[in-house]
Amino acid sequence: MNTSTYTLRREIRREAPFDLVVAGGGPAGAAAAIQAGRLGARVLLAEGTGTLGGMGTSALVSQWSNIANGVSMVVGGLPEEWLTALHAGGHLQPGRGRPEYWQKETGGIGFHPEALKRLLDQQCLDAGVDLRFFTKLVDVDACAASGTVNGVILHSVEGFVYVPAGAFIDATGDAHLAHMAGVPCRTAGRDTPRIMPPTLCALVANVDFSRFDRLRDQQAAVEQAIADGYFSQPDRHVPGLFRTGDSWGILNAGHLFDTDATSQRSLSDAMIKGRQLSEEYTEFFRRYLPGCEGATNLTTAPLPGIRESRRIVGEDELTHADYRARRHFPDQIAIYCKQVDRHVYDTSAEEYERFLREFEADDKLAPGESYGIPYGILVPKGWRNLWAAGRCASSDLMTNAAIRDQPACAMMGQAAGAAAVQAIRDATPAADLDRDRLRETLRAAGARLAN
Ligand SMILES: Cc1cc2nc3c(=O)[nH]c(=O)nc-3n(C[C@H](O)[C@H](O)[C@H](O)COP(=O)(O)OP(=O)(O)OC[C@H]3O[C@@H](n4cnc5c(N)ncnc54)[C@H](O)[C@@H]3O)c2cc1C
């Protein structure tokens, strides 16, 4: 434990100002940068890893949930462009990866993570984005009293640099930029009783999908393996092995209970345990599931799959009551239809029953239902030139467990990118933005806004 401090005082290079700095290149950050770049803004996108796509690529969560609501499509704009482009290249899950499926059905659609990485690179380059990999946001120059961010401090192989800009978007997933600026945030495990556990996902090959049926066989096999004493932690909630290509898929199994994504120690321990669990679950599939006898764990992801960390306190908050009412808003910047998906917090029978009750009964959407995502959840309360998009947007615990999925995060990012450009051009604080005009811009970019 640290018992003393060290004062870091140094002069660093100051860059020429950008219109917009986006921190984090996951679905939200990539969409924000692409949209803002397409609108003609000078955009810097700082991504800590060497890859765009966030959890969808670097954490191998290569599946888009709920493009449609069982009746019609609700997702539009950039995530629809991504779906269409990956379909054209033959990079979507066999069977589900076709327009007839995604325009109506609710099931998730697997995508080839490598293809998404290349697509996002290209879209950023085409939009003129200054795309910087291995570039981490490490500090923020902000004035909380006036709600203004002046600049950010980035670190790369070249050292530290100060970058001023007119607007900033926090798309780090964990609200790092907002938190460093002094925006009040709700932190899992501190402002909530417990933390929804992450999972370290893996790429698994040599699966015979003509014989492996996840929905038919997997749960009974989990119960049997628990009865046999196979698992090191008897967790009945196993999302499982999801098909992505002809004979390979993504293994989403092994909850890393009580991991705190804002703690270095906790994240490090989670990676070590995650790799052990990943092999344990691969062996479980080999032993217990038909079609998986030759399954090979090719690699675990370089990033842990974080489900929950920090959420900003925004001008608006999307609540469980809104979700339950399937509420739509005059200023909504997207609509979505993923149900609340709050994973188990421990391996108890009560927790599994609670998860099932919420997922399959209490919070399930009926065919044709959707809810709105209002603009105000992207704006930290009282801040003039800062937005937070993706899983760190302002929502309560329950609703975050619905809108944290990639299509919703990408739509929030696209809206934040458009909003930031409009705010700069109109010299308007984020909260006072002409929301009708923002929605016109989004509609022109393919958004489905329902009203
Ligand atoms: C195990 C698991 C399974 C899931 N399953 C699905 C699913 O089936 N379907 C679905 O649609 N969604 C799923 N999700 C949800 C979804 O993948 C994420 O919630 C979503 O990717 C969040 O998007 P984001 O852009 O807000 O953040 P992220 O995807 O987390 O991206 C944040 C990015 O910011 C970067 N970053 C962070 N800090 C810094 C910094 N200081 N400086 C620079 N860069 C930084 C990170 O490297 C990362 O690239 C799942 C999530 C998990 C964890």
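Gly 53 touches Gly 25, Gly 26, Pro 27 and Leu 120, not counting residues up to four places away in sequence; contact means heavy atoms within 4.5 Å. The model is predicted: local features need pLDDT of at least 70, side-chain atom pairs count only at pLDDT 80 or more, and totals for chains, interfaces and linings use all residues. Residues are numbered from 1 along each chain as its sequence is written, and side-chain values use heavy atoms, with hydrogens and water left out.

Gly 53 sits in the loop between strand 3 and strand 4. Helices (H or I, at least four residues) and strands (E, at least two) are DSSP runs, numbered from the N terminus. Gly 53 counts as buried because its relative accessibility is 3%. Here buried means under 20% relative accessible area, exposed over 50%, and partly exposed in between (1.4 Å probe, protein chains only). Between the C-alpha atoms of Gly 53 and Ala 142, which are 89 residues apart along the chain, the separation is 27 Å.

Thr 57 is also placed in the loop between strand 3 (43–46) and strand 4. With a relative accessible area of 3%, Thr 57 is buried. Apart from neighbours within four places in sequence, Thr 57 is in contact with Thr 51, Leu 52, Pro 113, Leu 116 and Lys 117.

## Ligand shell

The ligand is surrounded by 36 residues, of which Glu 47, Met 55, Gln 63, Ser 65 and Arg 404 are the closest. A residue is near a molecule or strand if one of its heavy atoms lies within 4 Å of it. By class, the shell around the ligand holds 13 nonpolar, 17 polar and six charged residues. In this classification Ala, Val, Leu, Ile, Met, Phe, Trp, Tyr, Cys and Pro are nonpolar, Asp, Glu, Lys and Arg are charged, and the others, Gly among them, are polar. At least two shell residues each are supplied by helix 1 (27–38), strand 4 (63–64), strand 7 (136–143) and helix 11. Helix 11 gives the largest share of the shell, three residues.

## Nonpolar cores

The largest nonpolar core has 80 residues, and the members touching the most others are Ile 333, Tyr 375, Leu 378, Trp 387 and Met 412. Such a core is a set of buried Ala, Val, Leu, Ile, Met, Phe, Trp, Tyr and Cys residues joined through side-chain atoms within 4.5 Å. Helix 11 (residues 406–426) contributes the largest share of this core, twelve residues.

Outside the four places on either side in sequence, Ile 333 is in contact with Ile 373, Pro 374, Tyr 375, Leu 378, Met 412, Ala 415, Leu 438, Leu 442 and Leu 449. A second, separate core has 30 residues, including Phe 212, Leu 251, Phe 284 and Cys 292.

Ala 301 is in the loop between strand 14 (296–300) and strand 15 (310–312). Ala 301 counts as buried because its relative accessibility is 3%. Residues up to four places away in sequence aside, Ala 301 touches Ser 58, Ala 59, Leu 60, Leu 200, Cys 201 and Met 271.

Thr 187 belongs to strand 10 (residues 185–187) and is buried, with a relative accessible area of 8%. Leaving out neighbours within four places in sequence, the contacts of Thr 187 are Thr 192, Thr 262, Ser 309 and Arg 310.

## Positive phi

Most residues other than glycine have a negative phi. Phe 134, not a glycine, has a positive phi of about 50°. Phe 134 lies in the loop between strand 6 (130–132) and strand 7 and is exposed, with a relative accessible area of 58%.

Arg 326, not a glycine, has a positive phi of about 50°. Arg 326 is in the loop between helix 8 (320–324) and strand 16 (332–336) and is buried, with a relative accessible area of 18%.
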